Amino acid sequence: RALVLDRYSDAKFNDEGLSLYGNSLIEFLSGYEKAITALEVIDDSILSQLPNLKVIAKYGVGLDMIDLYALKKYGVKLGWTAGVNKRSVSELVISFAVSLLHRVVFANAEVRNGKWYQVKGRQFSDCTFGIIGCGHIGKDLVKLLKPFNCKILAHDILNFKEFYEKNNVKSVGMEELIKKSDVVTLHLPLDDSTRNIMNEERLQMLKSSAILINLARGGLLDETALKKMLLEKKIAGAALDVFEVEPPIDKELLTLDNVLITPHIGGSTEEAILAMGLAAIDGLDNAKDPLEFK
């Protein structure tokens, strides 16, 4: 806040933490040339009514809330830095994977219900770990996985051959990764090409002993199909930090003892929050053509 005010003394803040959208968002941004946004939807309907707006700086790494073509249409530049919260997210992936394989959620529920016995789990070390989307977070995960001696499979539309060879990562097709992995984690942006990418057909390919982790974006997987598989024990467990609708409306899913649910906290460490904030402030003065980020 102090840094923003030092650069822009007339800055306005959403101190009440209101969810701004539609007319309320237009009213809040009206008259300003630059804005920092987080989860607010910025599209043609918003930009068409903000003629003074020249720069949007993004707090966070997801761009699915921003229509880049609409920004271009209205001559609005974008300030965005990729990967600034990668360590926060990758650490949480590791903690989820270890917790689910050791059946921590189930064991905790049993103890709370007055039961005391040794719950048998599985070691994370030496498992086959599948990363769908090997960008900034995926690559950081690879670094953290090294001491665990995991066999690492990766799938990405881009070819990171040098990185894969250097870090002993095997690049495979998506379906091969899903079928062979003990842990499958999603690290993709949400767009038309990735929406529902983990559909019912692909979910059915998971091993019954596998776990699925999504800290990327809600909408990447079929939540209804996943819940059915969890209820029928056709998959060992799942960890979900994001949902298509947040907060999630399926209360039954939240009560399952083979599921870890968190409220979109992948980037919510003190360190990541600071890094994302500083990157957003920097983006106010170092914005670029939005289509450079396509």
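## Ser-90 in helix H5

Ser-90 sits in helix H5, which covers residues 86–101. Helices here are DSSP runs of H or I with at least four residues, strands are E runs of at least two, and both are numbered from the N terminus. This is a predicted model: local features need pLDDT of at least 70, side-chain atom pairs count only at pLDDT 80 or more, and totals for chains, interfaces and linings use all residues. Residues are numbered from 1 along each chain as its sequence is written, and side-chain values use heavy atoms, with hydrogens and water left out.

Is Ser-90 buried or exposed? Ser-90 counts as buried because its relative accessibility is 0%. Buried means under 20% relative accessible area, exposed means over 50%, and partly exposed lies in between (1.4 Å probe, protein chains only). Which residues does Ser-90 contact, leaving aside neighbours within four places in sequence? They are Ile-137, Asp-140, Leu-141 and Leu-144. Contact means heavy atoms within 4.5 Å.

## His-187 in a loop

His-187 lies in the loop between strand S7 (183–186) and helix H10 (200–203). His-187 is buried, because its relative accessible area is 12%. Residues up to four places away in sequence aside, His-187 touches Val-89, Val-93, Ile-131, Ile-132, Gly-133, Ile-137, Leu-141 and Ala-216. Ile-137 and Leu-141 are also among the contacts of Ser-90.

The His-187 side chain makes a polar contact with the Thr-185 side chain, at 2.7 Å. A polar contact is a pair of N or O atoms within 3.5 Å; within protein, one must be able to donate a hydrogen and the other to accept it, and residues adjacent in sequence count only if both atoms are side-chain atoms. Lys-139 is 48 residues from His-187 in sequence, with 10 Å from C-alpha to C-alpha.

## Salt bridges

How many salt bridges does the whole structure hold? The search finds 17. A salt bridge puts a side-chain nitrogen of Lys or Arg within 4 Å of a carboxyl oxygen of Asp or Glu.

Asp-250 and Lys-227 form one, at 3.1 Å from N to O. This pair links distant parts of the chain, 23 residues apart: Asp-250 is in the loop between strand S9 (237–240) and helix H12 (251–255), and Lys-227 is in helix H11 (residues 223–231). Asp-250 is partly exposed at 27%, whereas Lys-227 is buried at 14%. Lys-115 pairs with Glu-110, their closest N and O atoms being 3.9 Å apart. Lys-115 is partly exposed at 44%; Glu-110 is buried at 11%.
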